[in-house]
Amino acid sequence: MFDALGSDDQMLLAKTNLAITYASMGDDEASAQAKTNALADAVRLGNDSLAASIAAQLARSLLDLGRTQEARDVMATHQPPEKWRDNIVETAQYQIIHARLLLDDQDFTTAADLAQAVISSLDGLQLTNVVAEAYGVLSDAALGTGQVGLGERYRGKAMGLYLAAGSPHSAEALAAHFLESTTPASTRPTDQQPRQNMKPADV
């Protein structure tokens, strides 16, 4: 493949692969830095499509690091190009990050709707990590509206998918909720709290 690429493209591909390696090791800080470097190269090369794709990956790392505003800024700067209209995979990966930002805005209903749309669009495709992330969004949205049982079922589904995809670090991050859930029931969300209508996805 390198034979068909110029030196700049080879370097960009190497930086992107490095970012993926760091992410698989659970090193979000190093992954974010590698993605930042790759994004700068994609912009320099004038590749808007690749820049938007890397931007979504960078935003994911920033969200995992708790740097939400930075993630929001990256996504706002690098919008999906028109050519993505028929690209289900790229669109889904971008949408799920948008859904996570909606969670931060406490727009749980819209976040859940977008996550369910991602799951439906990727039906039959081998993108287990993205589908797992979508179920994670559904879990957080349900928990955010007091639907504990539904939220925990979604969380279990997401964890199983992450493990199947070889992403134990992501599964462990979601598992932290169950450790926190060992607190007395009186301190946990109840069905008395206001709910927003969420149509359950298949669990």
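**A walk from the pocket to the salt bridges**

Let's start at the largest pocket: 35 residues line it, and the ones nearest its centre are Arg60, Asp64, Arg100, Tyr162 and Ser170. Keep in mind that this is a predicted model. The space inside that pocket comes to about 1100 Å³. Helices supplying at least two lining residues each include α1 (7–24), α2 (28–44), α3 (48–64) and α5 (88–104), while α7 gives the largest share, with seven.

Now for the packing. The largest nonpolar core takes in 51 residues, and Ile96 and Tyr135 have the most contacts inside it. Among the helices that each put at least two residues into this core are α4 (68–77), α6 (108–121) and α8.

On to the charges. Side chains of opposite charge can pair when their charged atoms come close. There are 10 salt bridges in the structure. One of them pairs Asp104 with Arg72 at 3.2 Å, N to O. Asp104 sits in helix α5 and Arg72 in helix α4, so this pair ties together parts 32 residues apart in sequence. Asp104 is partly exposed at 46% relative accessibility, and Arg72 is partly exposed too, at 22%.

Another salt bridge joins Asp140 and Arg155, with their closest N and O atoms 2.9 Å apart. Here the link runs from helix α7 (Asp140) to helix α8 (Arg155), 15 residues along. Asp140 counts as partly exposed at 32%, whereas Arg155 is buried at 8%. Finally, salt bridges with shared partners connect Arg60, Asp64, Arg100 and Glu133 in one network; of these, Arg60, Asp64 and Arg100 are among the residues nearest the pocket centre.

How values were computed: Residues numbered from 1 in each chain as written. Predicted model: local features only at pLDDT ≥ 70, side-chain atom pairs only at ≥ 80, totals over all residues. Heavy atoms only, no water. 1 Å grid on protein atoms, 1.4 Å probe; cavity = no way out; pocket = protein on both sides within 12 Å on 5 of 7 lines; lining within 4 Å. Points joined across faces, edges and corners; volume = space filled by probe spheres on them. Helix = DSSP H or I, 4+ residues; strand = E, 2+ residues; numbered from the N terminus. Core = buried A, V, L, I, M, F, W, Y, C linked by side-chain atoms within 4.5 Å. Buried < 20%, exposed > 50% of the residue type's maximum accessible area, 1.4 Å probe, protein only. Salt bridge = Lys/Arg side-chain N within 4 Å of Asp/Glu carboxyl O.
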